[in-house]
Amino acid sequence: LGLVLVAWASASVVAAGETGSPPGLGQLLIQDAQSGSPVRLNVARYHVHVVLQPPVALVQIDQSFYNPFSQQQEGQFVFNLPPGASVSRFAMYVSPTQLIEGELVERKRAAEIYQSIVSRRRDPAILEQLGDNLFKMRVFPIFARDEKRILLDFTLPLEPQAGQYQFRLPLLSDLMPIWDFRVSGAIRAAVQPDSVASVSHSELKFKARSDGGVTFDLHKSNYRPETDLVLTFAEQAD
């Protein structure tokens, strides 16, 4: 299997809109064998680790989708990023133990690799950038009655407004509840006491670090996010 990570501008932005704008969670779509219409697979596992270290945030997503059908499937992984975000890692498991890493290459080289893989009758996997923040990628194989695990990392600028930072993680989902949901992370900066809060998820647990930073954690089972996660904090003055 060849996996190439490339910012490849495409004219097929409209195609992504056929299923509506993707929600905060990345989605894996397959084609219904009878109707031919796209079907979104439910999210089995969604673990996110966030490191907030001004002036940048690192978001690491470990996401699994469940294929309930009795046949092996091929699909399209579609996800959108917050404005200003950049993909720093993309990988997927092609078997329960074999992880294939994406590689960032220029467009011309990506086309050459794509054709080389196709000529050897192997499945090419190209991550395409459809718009400023929308991406899609072919995913194969999606084994029958099994989970497909995908890893995605991105970085995001952190800029203070009136001395306060706000971090937003897209989470809104209209799918079935996620079996295993977790958001964890750390603020690697000396923060002002009582400035750390989440207006969206009051159940987020915060713990002070010895260096003045803060760790946070939220773990739920059978959970369907109804809003994005919003976290605010302020650094101590020099």
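By class, the lining of the second largest pocket comes out at seven nonpolar, three charged and one polar residue, where Ala, Val, Leu, Ile, Met, Phe, Trp, Tyr, Cys and Pro count as nonpolar, Asp, Glu, Lys and Arg as charged, and the others, Gly among them, as polar. The model is predicted, so local features need pLDDT of at least 70 and side-chain atom pairs count only at pLDDT 80 or more, while totals for chains, interfaces and linings use all residues. Residues are numbered from 1 along each chain as its sequence is written, and side-chain values use heavy atoms, with hydrogens and water left out.

The pocket itself has a volume of about 210 Å³. A pocket here is an open set of points on a 1 Å grid over the protein atoms alone, where a 1.4 Å probe fits, with protein on both sides within 12 Å along at least five of seven lines; lining residues have an atom within 4 Å of a point. Grid points are joined across faces, edges and corners, and the volume is the space filled by probe spheres set on the points. Among the lining residues are Pro 82, Pro 83, Arg 168, Pro 170 and Asp 228. Strands S11 (146-157) and S12 (165-169) each supply at least two lining residues, and S12 gives the most, with three. Strands (E, at least two residues) and helices (H or I, at least four) are DSSP runs numbered from the N terminus; the chain has 16 strands and two helices.

Phe 167, part of that lining, also turns up among the residues with the most contacts inside the largest nonpolar core, which has 50 residues. Such a core is a set of buried Ala, Val, Leu, Ile, Met, Phe, Trp, Tyr and Cys residues joined through side-chain atoms within 4.5 Å. Strand S4 (residues 43-53) brings the largest share of this core, five residues. Of the chain's 238 residues, 45% count as buried, meaning under 20% relative accessible area (1.4 Å probe, protein chains only).

Elsewhere, S6 (residues 73-80) holds Gln 73, which is buried at a relative accessible area of 14%. Leaving out residues up to four places away in sequence, Gln 73 touches several residues, including Ile 30, Asn 67, Val 139 and Ile 142, contact meaning heavy atoms within 4.5 Å. S6 pairs with S10 in the antiparallel sense over seven bridges, pairing requiring at least two DSSP bridges between the strands. Gln 76 has Arg 138 in S10 as its bridge partner. S10 (residues 134-142) is mostly covered, with seven of its nine residues buried.
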